[in-house]
Amino acid sequence: VCFKYNVRSNPSEAWRPYSYHVPVTHTPCNYGGSRAWFKCPHCFKRVAVLYIDEKIACRTCYNLNYTSQQRDRMNKVREKLDWPLFKDVNVWPYAVDGALLLHDITNIVQRFTVLSDEQARACALWIAFTWFIDGAKVAPMINITSPEKRCGKSTLLLVIESMVSKPILASNISGAALFRSIELWTPTLLIDETDAFLNEKEELRGMLNAGHYRKTAFVIRTVGDSHEPKKFMTWCAKVLCGIGKIAHTLTDRSIVIELRRKLATEKVENIHLANEYELTVIRQKLKRWYQDSFEQYREARPKRIEGINDRAADNWQHLQSIAELAGQDWPNLCRLAAIQLAGIEEEAPSINVELLMDIADIFHDKSTTKIFTLDLIEALCQDEEKAWATWNRGKNITPHQVSKKLAEFKIKPD
């Protein structure tokens, strides 16, 4: 077959004539007759389709691929399994009583975890906040922490995940994955096992810090072969979950839920046996409440809570708006929860000050003015309830890490 055609790259150019002779071959069909095929003029493969530009060639010679090959492998699996990234939430067909809904969420939280009333109410308000976040200017994180394992941190994380808007669970995450995920989906990001990786990732901590205020919730990275600068958003609701304390800059931007091991007399239900229909109804009601009340929420200007610092007041501001929206006793319950939780956190020293205090105790207990670094680290890590025994991804804090923290107080080893 002879193909004669003209080509030009843009309308201002003159047409360029081309002529190609393309061989045709035939193969027999199972039930008689034959099928015609082109033979690529360059690689001589038998093909059904050829592509025309300045040359006529097959897909392989043009280095083309199918649309399905351009999609992420995980997304292709999701499509085959009909498995969406986020659960499709239908809207509850009736008007929602916000106060009653928050009480229902509080009860669900306390059925599966051992929390005080103030902690459970804070979780309920924050869960509702994830549905209204588009109207917020501050996005406080939830920091689920405990002094040791088996205190119910992962359970509480799953309980929260079952009711928030657009949840994504992760047990580890890089800085690049963080801002790209947020830019793409604006999810509620629930990060577990932060004690294993977060302490030494300063860039990741910086991104989490930046996501606290909507105006500053951006990072700039270069993309592509041309290294063109691009702005990526870091604004979304986030939960951080792990053993021990996280960096004080993150704690300062969080509502801290500190857990303990339940007593033998305390009974909770198994989250893995939860009634999925009950949780589905909660999500549907939250979506209906959001749709009916979003404008009212966005215009809310609650009075700042007295007795807590300014950053804590910022953290609780939009949870107050949720409480004001719900009405009844919720504004007062929100204020009491904020004073209880933020007040405790305000009294706690930063992690660097805590290290300095622990070192001072060691010098006092040993009645010495000098100590070798390795002996100091051994003494720091003897108390398993302190953060130092697991500071370095589950292992003892290192001499470099101690030196780096003390350097902030202008303290250097001899």
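**Cysteines**

I started with Cys 40, which is buried at 0% relative accessibility. My cut-offs for that: buried is under 20% relative accessible area, exposed is over 50%, and partly exposed is in between (1.4 Å probe, protein chains only). Is the sulfur of Cys 40 bonded to the closest cysteine sulfur, or too far for a bond? Too far: the closest one, in Cys 61, is 3.7 Å away, and a disulfide needs a pair of cysteine sulfur atoms within 2.5 Å. I then searched the whole structure and got zero disulfides. Cys 2 is in none either, its nearest cysteine sulfur being that of Cys 40, 16 Å away. I noted Cys 2 as partly exposed, at 38% relative accessibility.

**Ground rules**

This is a predicted model, so I take local features only at pLDDT of at least 70 and side-chain atom pairs only at pLDDT 80 or more, while totals for chains, interfaces and linings use all residues. Residues are numbered from 1 along each chain as its sequence is written, and side-chain values use heavy atoms, with hydrogens and water left out.

**Aromatic pairs**

How many aromatic pairs does the structure hold? I get nine. Rings of Phe, Tyr and Trp (its six-membered ring) pair if their centres lie within 6.5 Å; planes under 30 degrees apart are stacked, over 60 edge-to-face, the rest tilted.

Strands (E, at least two residues) and helices (H or I, at least four) are DSSP runs numbered from the N terminus. I checked burial too: Tyr 5 is buried at 14% relative accessibility, whereas Tyr 18 is partly exposed at 23%.

Next I looked at Phe 132 and Tyr 290. Their ring centres are 5.8 Å apart and the planes sit at 85°, so I logged the pair as edge-to-face. Phe 132 is in helix 3 (residues 117-132) and Tyr 290 in helix 8 (residues 276-298), so the pair ties together parts 158 residues apart in sequence. Phe 132 is buried at 0% relative accessible area; Tyr 290 is partly exposed at 23%.

**Charges over rings**

The test here is NZ of Lys or CZ of Arg within 6 Å of the ring centre and within 35 degrees of the ring normal. I found Arg 46 over the face of Trp 37, 5.3 Å from the ring centre. Lys 285 does likewise over Trp 92, at 5.1 Å.

Which residues of helix 6 (residues 202-210) are buried? I listed Leu 204, Arg 205, Met 207, Leu 208, Asn 209 and Ala 210. Their cover includes strand 8 (141-146), helix 5 (175-185) and strand 11 (218-223).

Ser 181 sits in helix 5 and is buried, with 15% relative accessible area. Leaving aside neighbours within four places in sequence, Ser 181 is in contact (heavy atoms within 4.5 Å) with Thr 186 and Pro 187.

Last, Leu 273: I placed this residue in the loop between strand 14 (254-258) and helix 8. Leu 273 is exposed, at 69% relative accessibility.
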